[in-house]
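Thanks for making time this morning. Let me put the structure up, and then we'll walk through it.

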Amino acid sequence: MAPLVEARGLHKSYWLGEKEIHVLRGASFALGAGEMASLVGPSGVGKSTFLHVIGTLDPPTEGQVLFDGRDAFGMTEEELASFRNRSVGFVFQFHYLLPEFTALQNASMPGLINRLSREQAEAQAREMLEIVGLSQRLEHKPGELSGGEQQRVALARALVLKPRLLLADEPTGNLDEATGEGIHQLLVELNQRLGIAAIVVTHNPRLAERMPRRLRLSEGLVVDA
Amino acid sequence: MNYPTTATSRVDAAEERRPANGKPSLRRRPAVLIAAAFVLFSAGAGLQYALAIWLGSATTFSRDAQLAISFGAEAIWFLLAGFALSFIGRGYRPLEHLAASLAFGVATFFLLRALKPPSFSYDRFLASTGELVVWALCASAASWLLAMWGASFGMLIGANGHVDPRIRYEWEIARTHLRLNRRSARILLLAGALPPLALWWGGELAASWDQMRRASAAAVAPALHVTPKQLLLVAAAVVIVLALILRFVKARAELARLHPGQRRKRPATVVMTGISIAGVSVGVWALTVVLSVMSGFEADLKRKILGTNSHALLMKYSTDFSEWKSILPKVSAVPGVAGVSPFILNEVILSHGQTVTGAELKGIDPATAGSVSDLPKQVIAGDLHWIAAPQDIPGTDRVVEPKGEASQKLGGPDYDQYLEDTLKRRQLHPEETKKLDPEALRNLGGVCIGKEMSHQLRAWVGDVVNVLTPLGEMTPTGPVPRSRPFRVACILYSGMYEYDSKFVYIGIPEAQRFFRMGDNIVGLELKFVDVDAARALGRRVVATLGGFPYRTKDWAELNRNLFSALKLEKLAMAIILTFIVLVACFNILSTLIMLVLEKTKEISILKSMGARDASVMKIFVVEGLTIGTVGTAMGLLMGLASCSFIEKFGLQLDPDVYYISNLPVNVDGGQFLMVAAISLALSYLATLYPATKASRLSPVDGLREE
């Protein structure tokens with residue numbers, strides 16, 4: 001089976017003044033469709049950068065990201081936008097919800113960006129919010145939700161268009177253990193239920209252990225732990 | 001992750017270098033785009049030139065209208081060119097457009113020098129290099145700005161590959177940035193509607209108070225006379241003010257109940273948004289009011305000049321114009337000619353008693369004079385037709401009372417005093433009129449004089465004045481001026497000091513006899529159906545008569561110094577005041593830059609969700625345009641209310657300086673539309689930089705900053 005997403009020799013470096021900082025040094029890996037993996041590594045090692053590159057948010061300095069065998073960074077800006085809209089979902093450490101909108105409006109935003117009608121977008125959002133267990137909280141604004149609920153809305157927003165890859169950057173990093181546990185449970189459940197491939201960055205070794213596949217980022221390389 | 005944000009520039013550069021995946025694009029071939037832009041701009045200039053020439057030859061539009069239409073067409077062409085270029089170049093490319101515009105400006109300079117088209121400011125050829133440079137710079141700047149407008153619009157519509165004019169979610173996000181909800185919309189509506197309403201009411205109240213004062217001055221017992229309308233207005237004003245005060249007090253009370261930590265947080269950008277709106281509205285307000293007052297002055301002047309003068313004079317390069325009776329029907333038959341009347345013009349000296357004054361004596365035909373000017377309407381005492389039938393002029397034993405609307409304006413204690421004095425003077429000095437026997441007196445010719453001259457000469461209807469022409473008989477002792485007595489038939493009031501103090505009118509036959517002209521006249525006065533087409537219609541009349549030796553001079557030509565001074569003044573004012581709007585648009589610019597900085601994270605999130613560059617741009621363009629639109633609407637309302645206030649309140653002017661009793665206002669819908677268009681166009685321009693900045697943010701820029 002061809003991998004869903006494949007990274008080949010990713011290099012990524014930043015310039016800090018005159019000094020070049022190498023974050024990725026030829027990282028390569030592949031993830032099959034529906035596969036779920038955790039990614040661990042010490043702080044500052046470049047886990048977020050790796051996710052951004054895989055998710056086409058940030059172009060690598062060198063190397064390729066292949067999605068279904070197609071070079072993601074060879075696409076035009078328009079194709080890239082549409083790709084991010086439909087094929088990748090992001091969840092971050094902070095929920096990054098739009099504070100002025102309700103949970104339902106936040107979750108229907110990707111649908112609206114995809115130019116679905118409001119009814120369609122909201123129907124999909126409602127469905128997804130129900131899956132993450134928030135059907136009672138549709139009209140609440142992020143400020144009126146608890147941390148776990150906010151993260152669930154962010155998850156619903158990431159998954160509303162049924163992407164094939166979910167990239168979660170420390171989704172439980174800001175939550176207490178019990179709530180984090182719940183979110184993790186949900187991630188695993190969604191992976192099994194919707195067949196969405198996922199890479200979850202985490203600092204919690206216990207949660208990482210429970211993933212079917214474990215990746216570790218060190219020295220700018222991705223290795224199976 | 002804590003990576004410094006300064007590090008992103010190289011990443012962006014890497015992104016720029018990304019290949020466009022083999023798609024046909026001019027992205028990396030700026031020369032082709034510049035050439036295409038240059039060709040399109042030149043085509044636009046050619047269009048303007050051809051259109052101006054065609055309009056000049058095929059239509060009767062005034063020169064201003066021709067220029068407006070042809071330059072308007074050129075502007076639209078530039079806009080469309082920019083729009084097309086954004087699709088050709090797959091994006092909005094200000095630098096390439098700038099290069100093409102500079103080349104276009106240089107080409108314009110050399111073309112203008114070679115072509116020598118008529119200058120815009122004078123009826124002469126463009127000669128000075130300085131003027132050429134100015135016009136070339138204008139062409140260059142105009143083409144760049146207009147192409148930018150078009151190109152950025154193309155970018156928003158989706159010039160870079162994905163045509164998508166919708167703005168639904170963009171608008172919703174923009175609304176949250178501006179904090180535009182039901183509550184703030186209500187506040188905006190109140191803030192926008194209340195001051196104009198208050199001004200308008202103020203004007204209404206001032207007008208009715210004025211009426212009341214006059215009514216009570218006229219009545220024997222000054223009674224307070226209140227109409228239901230006034231009562232209603234006052235009541236409504238009181239109710240609204242009370243309601244607002246209550247509302248405010250309630251809101252304060254609610255605020256006071258809140259815990260200090262519970263206070264609503266209001267980001268600086270919301271305050272800045274309010275300031276930007278206020279800035280735009282103040283600029284638009286000033287622009288509309290000043291332009292309205294200036295066009296009020298212009299319209300007033302035009303009305304007064306055209307009240308006394310006809311639209312054009314038909315004259316001959318010869319002193320022999322005895323065939324005028326035979327060409328009269330031909331001239332009246334020319335399409336567009338509304339009235340024809342003969343005239344004779346000469347300078348004379350008028351004397352009455354010991355007072356002497358110089359004057360322009362105009363021989364007119366009282367029967368047809370009304371068809372070319374408003375002379376019959378300017379009569380405030382006596383009758384214009386008495387100049388042809390002098391025996392009807394009443395004797396000096398009574399004073400002819402002023403009549404008509406104009407005389408009411410003059411009314412008042414001063415004027416009554418003047419009339420009383422006239423009667424007393426006649427009783428005290430009966431010899432003035434008793435030198436002639438009554439029969440000869442009745443057969444003297446009639447003369448109409450202006451109100452100011454009547455004051456100067458102290459002559460009223462029925463008085464005898466002497467008219468003296470320097471072109472007299474030759475006697476053995478040298479030339480002796482010829483003089484004849486006339487009786488004053490009517491007093492005229494045109495509202496122009498110069499006319500009321502200089503012009504006197506007698507009948508054509510008297511004038512011919514007086515100046516020994518035989519059957520000749522000086523020329524024909526013409527009135528046209530369209531004042532602004534006077535020049536073209538005049539040419540048509542001359543062509544009908546076979547050209548030379550006939551010629552016409554239109555009113556604009558006869559009063560050119562006055563009107564071109566007014567026009568220049570108005571243009572200068574418009575440009576200066578547009579700068580106020582421009583400064584206000586810099587407010588929009590800085591507000592939007594603040595907003596972009598504040599929302600960097602949100603932009604990144606939207607981009608990670610797949611929002612396109614054009615969509616991000618749309619969000620900020622819509623925001624700026626909303627600020628501009630709200631500000632413009634407020635300013636226009638305020639301007640309209642101020643104009644109504646000035647009109648109703650009747651701001652007094654020093655009559656010795658202006659000869660207009662009140663500040664004139666002319667609310668011109670077209671002018672208001674133009675101001676709105678300028679303000680919106682500038683607001684749009686102000687959004688481009690921040691919106692482009694926002695759209696070029698990389699998705700990770702906002703995510704990295706945690």
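One definition before we start. A residue is buried if 20 or more other C-beta atoms lie within 10 Å of its own, exposed if 12 or fewer, and partly exposed in between, with C-beta atoms placed from the backbone. By that count, buried residues make up 36% of the 706 residues in chain B.

Now the ground rules. This is a predicted model: local features need pLDDT of at least 70, side-chain atom pairs count only at pLDDT 80 or more, and totals for chains, interfaces and linings use all residues. Residues are numbered from 1 along each chain as its sequence is written, while chains are lettered from A and ligands numbered from 1 in the order in which they are written.

Let's stay with chain B. Chain B has 26 helices and 10 strands. Those are DSSP runs, numbered from the N terminus: helices are H or I with at least four residues, strands are E with at least two. Two residues are in contact if their C-beta atoms, placed from the backbone, lie within 7 Å. Of the contacts in chain B with a separation of 6 or more, 81% come from residues 24 or more positions apart.

Next, some pairing in chain B. Two strands pair if DSSP finds at least two bridges between them. The hairpin of E2(B) and E3(B) has 2 residues between the strands, and in it Gly353(B) takes a positive phi near 60 degrees. E3(B) also runs parallel to strand E8 of chain B, residues 503–507, with 5 bridges. Leu361(B) faces Val504(B) in that pairing, standing opposite it.

Over to chain A. Here 6 strands form an open sheet with mixed pairing, in the order E6-E7-E8-E3-E9-E10. The edges are E6 (88–91) and E10 (221–224) of chain A, each pairing on one side only. From one strand to the next, the twist averages 20 degrees. Helix H1 of chain A, residues 47–54, packs on this sheet and touches E3, E7, E8 and E9. Its direction makes about 160 degrees with that of E7(A). Such angles run from 0 to 180 degrees between N-to-C directions, with axes fitted to C-alpha atoms, for helices over the stretch in contact. E7(A), residues 165–169, pairs with E8(A), residues 197–201, in the parallel sense over 5 bridges. Leu167(A) stands opposite Ile199(A).

Is helix H5 of chain A mostly covered or mostly open? Mostly covered: 12 of its 13 residues are buried. Among them are Gly148(A), Arg152(A) and Leu155(A). The cover includes E6, H3, H4, E7 and H6 of chain A.

Compare a residue in H6. Gly182(A) lies in that helix of chain A. Why does Gly182(A) count as partly exposed? Because it has 16 C-beta neighbours inside 10 Å.

Last, the interface. The contact takes 33 residues from chain A and 32 from chain B. On the chain A side, H2(A) gives the most, with 7 residues.

That's the tour. Over to you.
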